[in-house]
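This report describes selected features of one protein chain. Please consult the sequence and the structure shown below while reading.

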Amino acid sequence: MYKLKGLNRIVVTTAILSSMVAIRSVNADSIELKPISNEPNSPTTNSPTNSYQASAEILKHTYETQLYTLSAFKEGHYGLRMYRQTLDKKYEAAIWSDMARVASRLNSFSAEINTPEEILIYSEKRLSGYREQKDERSVRRYTTTIHHPEYLYLAVDLLGSMARANEYGLKHREDEKLRQVLRRYDFKEYVTSPEMVKAWAAQLANQVYWLRQLEEQDVVKEFTDTFKATYPDSQDKALSTQQFGNKVYGMTHIIFADSQYYQVPVRENDHQWIYDYFRQNIDTILLRAKEDIIAEVGISFLLAGLDDDPVVEKTRHAIQNAINLERGMIPSATGGFGLSYGEHRNLLAIMLLDWQSTNKAPVFGKHNSVFNDIPFGLEAKLP
């Protein structure tokens, strides 16, 4: 087994929590990484291999030997999903980083950013980050969201943090105050806007399921109907590469959101229109979509227990061939090998190539070792 060296005590994250500092230390000697086999069957050149699992191990080695150099968001994103796949305790420290990040954000929102004026100032500052960007996605997001600047605070930041705490079996100590903020706004306005769908398809898919999870608004049907009307299949050839990707990305996130992000299986017939589309258009998707979207298409089938569907094999083959074996990762569409920027893409590849199972985890009261030290501001959610 590989072990992280020279880090007997690692400060996993420092989160500023309403002028309190939460620091979690872990014994790095307990964090073990599976070795990459040096047997002849392991891939050593940029050529296909019969073992998808061996390819996944290459990517895992790259990220798990450097996991705690990433931001709390990226570290938590990786660790939480791998924990839900494996229930391996070595990912618990990364999950604590994610809890601390969530607590920090909700502490800030409950104490400092919750009036309409404060929300507008916060949102306009967030929106300004898109102003100077010239790529199609950023331009579309800026020109659309300028009419709904509060969306960046409400849906992207506040709602996502509340939903994550809820998934953990936790809530913020000012949960009711934060819910009152959500209730000031009608999310139907966002999810029934074709322009918002064109700018934020995957994010809106997440958000409508988060609202349902929190038992606030239920606008899943309204979003789905708007999505279908915005992206009729007959118009696929007219879509730009970015908009085609946005369409497929939105569809995969409907599946992911329904699975509670890899926690429970989904039923194919609940989303038959999506699975039918993927089967009919998989060759086009392989040609036009980026690797992270291709991996998500394959994972959508795995979440429905459709491991033997030809789509899974096609996506696995494409993703395996995209791995640069010298660098131990899948590069970006422009050939970049940034560890942080590539985390999402390479994590999805690991999950596709070496799928384990869905697990409703971690949950307070069930996976106790994860919750030995709950970050300030979070508390157990009542049944």
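## Backbone exceptions

Tyr262 counts as buried, at 4% relative accessibility; buried means under 20% relative accessible area, exposed over 50%, and partly exposed in between, with a 1.4 Å probe and protein chains only. Tyr262 has a positive phi of about 70° although this residue is not a glycine. Its place is the loop between helix 11 and helix 12 (272-288), where helices (H or I, at least four residues) and strands (E, at least two) are DSSP runs numbered from the N terminus.

Glu215 likewise is not a glycine, yet has a positive phi, about 60°. Glu215 is exposed, with a relative accessible area of 71%, and belongs to the loop between helix 9 and helix 10 (220-230). A cis peptide bond, with omega about -10°, joins Ala361 and Pro362; Pro362 is found in the loop between helix 15 (343-353) and strand 6 (378-380). Most residues other than glycine have a negative phi, and most peptide bonds are trans.

## Basis of the model

The model is predicted: local features need pLDDT of at least 70 and side-chain atom pairs count only at pLDDT 80 or more, whereas totals for chains, interfaces and linings use all residues. Residues are numbered from 1 along each chain as its sequence is written, and side-chain values use heavy atoms, with hydrogens and water left out.

## Chain and core

The chain contains 15 helices and 6 strands. Of its 383 residues, 56% count as buried.

The largest nonpolar core has 116 residues, and Leu158 and Ile285 have the most contacts inside it. Such a core is a set of buried Ala, Val, Leu, Ile, Met, Phe, Trp, Tyr and Cys residues joined through side-chain atoms within 4.5 Å. Helix 9 supplies the largest share of this core, 12 residues. Leaving aside residues up to four places away in sequence, Leu158 touches Leu106, Phe109, Tyr153, Leu178, Val181 and Leu182, a contact being heavy atoms within 4.5 Å.

## Second largest pocket

The second largest pocket is lined by 15 residues, of which Asn166, Glu167, Gln213, Gln260 and Lys360 lie nearest its centre. On a 1 Å grid over the protein atoms alone, a pocket is an open set of points where a 1.4 Å probe fits, with protein on both sides within 12 Å along at least five of seven lines; lining residues have an atom within 4 Å of a point.

Helix 9 gives the most to this lining, with 4 residues.
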